[in-house]
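Please examine the sequence and the model before reading on.

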Amino acid sequence: MNLELSEEQDAVRQLAEDFVAREITPHVVEWDRAESVDKAIVEKLGALGFLGLTIPEEYGGSGGDHLAYCLVTEELGRGDSSVRGIVSVSLGLVAKTIASWGSEEQKRQWLPKLTSGEAVGCFGLTEPGTGSDAGNLGTKAVRDGDDYVINGSKMFITNGTWADVVLLFARTGDTPGHRGVSAFLVPADAPGLTRRTIHGKLGLRGQATAELVLEDVRVPASTLMGPEGKGFSVAMSALAKGRMSVAAGCVGIAQAALDAAVRYAGEREQFGRSIASYQLVQELISDISVDVDAARMLTWRVADLVDRGQDFATAASTAKLFASEAAVRAANNALQVFGGYGYIDEYPVGKLVRDARVMTLYEGTSQIQKLIIGRALTGVSAF
Ligand SMILES: Cc1cc2nc3c(=O)[nH]c(=O)nc-3n(C[C@H](O)[C@H](O)[C@H](O)COP(=O)(O)OP(=O)(O)OC[C@H]3O[C@@H](n4cnc5c(N)ncnc54)[C@H](O)[C@@H]3O)c2cc1C
């Protein structure tokens with residue numbers, strides 16, 4: 001792998017950095033306090049092609065490789081993880097999965113809207129009773145003539161109240177466990193589908209996280225995506241690539257922590273000297289820097305594997321595990337550099353700590369990533 005970015009990759013990274021400085025950074029504190037990002041950001045992301053990265057142009061995508069996608073995700077995560085998550089879900093988990101698994105009709109129906117930002121997608125896997133054990137989900141889709149009738153509920157769904165389409169996982173037939181799960185593209189305005197915003201999150205406060213309840217939601221059989229009973233494979237393939245974008249977002253958090261810590265250490269004086277001159281402060285900063293570099297390299301490795309058509313799932317779990325734990329450490333170390341000022345939301349590092357904390361939980365907890373890596377190494381599944 002060549003670690004030097006191509007001109008195109010560097011240009012798209014710069015475009016994302018400029019976009020963050022112009023459209024995101026000035027609003028970050030306000031959106032965090034209001035518990036809502038301005039939804040107009042979606043069309044702006046779409047206009048620059050950030051919601052169509054890696055999607056073929058014939059479906060409205062902006063093409064590009066997975067390293068470019070990671071560079072943009074990193075810059076967005078450096079600016080605001082709430083915005084980064086909108087892209088990681090609507091493009092990363094939904095549009096990219098439709099591009100891989102959808103029928104021609106489904107691709108034509110949803111991809112141009114999702115890539116332009118006219119529509120938002122959400123990913124409905126987790127339920128109140130099944131998080132890590134997603135293969136045992138209980139939402140049921142029962143065939144009735146040319147339709148399916150869906151009943152159940154979904155928990156912690158990112159973009160839930162903003163979404164126009166839900167990539168929904170439900171049990172079809174009587175087969176227990178993950179073999180009985182199917183994937184559906186459910187229009188979010190389908191009668192019987194209600195959405196409730198979840199308030200009071202520790203971090204990612206600007207993001208629309210929701211609980212979805214489905215009561216006799218009737219959808220045509222044409223909304224089934226991929227073969228019946230293959231929904232869990234759809235979900236796992238989406239999450240493997242999703243972990244790459246979470247890892248990239250975590251690199252962005254850690255880089256933001258590094259930038260803030262270096263800047264503040266240079267400005268703040270104690271005992272008549274810059275705190276940057278103290279070796280224990282330099283240790284905090286160098287620890288953050290090592291975490292940034294290592295997390296970025298692991299993430300780029302995944303992008304390289306995906307672009308070369310190689311198996312990437314274990315590498316994606318490795319990158320997600322390391323980068324998410326690194327983001328938590330980095331943000332926490334940066335807060336230490338800021339002292340008491342780090343604890344107030346006028347300064348950026350407190351939000352980085354809060355936003356980083358969920359990264360070791362969603363798209364597979366750190367424990368689940370370790371089990372995936374352990375299974376790949378030993379050949380024995382702990383699930
Ligand atoms: C802000 C936010 C956004 C989210 N967005 C989405 C979304 O868009 N779509 C979606 O479908 N889901 C989403 N989720 C859900 C997320 O993926 C789950 O929270 C996550 O998978 C963990 O499930 P759980 O919360 O039920 O925890 P549990 O599965 O109950 O886990 C609790 C603890 O037990 C541990 N544990 C569980 N099983 C094992 C095991 N076999 N071995 C060792 N330890 C184990 C876990 O690691 C964890 O420490 C989101 C969550 C949050 C908080």
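The points below describe the surroundings of the ligand and then a pocket.

The model is predicted, so to speak of local features requires pLDDT of at least 70 and side-chain atom pairs count only at pLDDT 80 or more, while totals for chains, interfaces and linings use all residues. Residues are numbered from 1 along each chain as its sequence is written, and side-chain values use heavy atoms, with hydrogens and water left out.

**The ligand**

- The ligand is surrounded by 15 residues, the closest being Phe123, Thr126, Ser132, Phe156 and Thr365 (a residue is near if one of its heavy atoms lies within 4 Å).
- A polar side-chain atom of Thr365 is 2.7 Å from an oxygen atom of the ligand, and one of Gln367 is 2.8 Å from an oxygen atom of the ligand.
- The protein buries 65% of the 970 Å² that the ligand exposes when taken alone (accessible areas come from the Shrake-Rupley method with a 1.4 Å probe).
- Two or more residues of the shell come from each of β3 (147-158) and α11 (366-378), and β3 gives the most, with three residues (helices, H or I, of at least four residues and strands, E, of at least two are DSSP runs, numbered from the N terminus).
- The shell divides into eight nonpolar residues, six polar and one charged (Ala, Val, Leu, Ile, Met, Phe, Trp, Tyr, Cys and Pro count as nonpolar, Asp, Glu, Lys and Arg as charged, and the others, Gly among them, as polar).

**The second largest pocket**

- The second largest pocket has a volume of about 640 Å³ (on a 1 Å grid over the protein atoms alone, a pocket is an open set of points where a 1.4 Å probe fits, with protein on both sides within 12 Å along at least five of seven lines; the volume is the space filled by probe spheres set on the points, which are joined across faces, edges and corners).
- Its lining has 24 residues, and Thr25, Arg78, Gly79, Arg263 and Pro348 lie nearest its centre (lining residues have an atom within 4 Å of a point).
- α7 gives the most to this lining, with six residues.
- The lining residues divide into 11 nonpolar, two polar and 11 charged.

Definitions and conventions:
Polar contact = N/O pair within 3.5 Å; in protein donor to acceptor, adjacent residues only side chain to side chain.
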